[in-house]
Amino acid sequence: MTNEDFPWLRCRPGDSFFVPSLDPYGTAMMGIKAAVQQMGYSSKYRYRIGIYKGHLGVLFTLPAKRLPAGTS
């Protein structure tokens, strides 16, 4: 897999992408490395291993930004 398989830079906050894989733990680690390479160490991201449309893999998410408490 290459960095092109992990489109972190095309994601906006709240977006997700799924990467099918027979080795989801290895894919999750490669996705984390790609996130750090593409967005830096301070980046926020999440991943979940699971099945999507019958395929085993990893769902990566760039969390939505939250507004500070007391603002509307």
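## A cluster of rings

Ring pairs tie F6, W8, F17, Y45, Y47 and F60 into a cluster. Here, rings of Phe, Tyr and Trp (its six-membered ring) pair if their centres lie within 6.5 Å; planes under 30 degrees apart are called stacked, over 60 edge-to-face, and the rest tilted. Searching the whole structure turns up seven aromatic pairs. One of them joins W8 and F17, edge-to-face, at 5.1 Å centre to centre with 80° between the planes.

This is a predicted model, with pLDDT of at least 70 needed for local features and 80 or more for side-chain atom pairs, while totals for chains, interfaces and linings use all residues. Residues are numbered from 1 along each chain as its sequence is written, and side-chain values use heavy atoms, leaving out hydrogens and water.

How accessible is W8? At 1% relative accessibility, W8 counts as buried (under 20% relative accessible area, with exposed over 50% and partly exposed in between; 1.4 Å probe, protein chains only). F17 counts as buried too, at 11%.

W8 also pairs edge-to-face with F60, at 5.6 Å centre to centre and 75° between the planes. W8 sits in the segment before β1 (16-20) and F60 in strand β3, so this pair ties together parts 52 residues apart in sequence. Strands (E, at least two residues) are DSSP runs, numbered from the N terminus. Like W8, F60 is buried.

Strands β2 (residues 46-52) and β3 (residues 55-61) run antiparallel, joined by seven bridges; strands pair if DSSP finds at least two bridges between them. R46 has T61 in β3 as its bridge partner. Two residues lie between the strands of this hairpin, where K53 takes a positive phi near 50°.

Technical notes. Helices (H or I, at least four residues) and strands (E, at least two) are DSSP runs, numbered from the N terminus.
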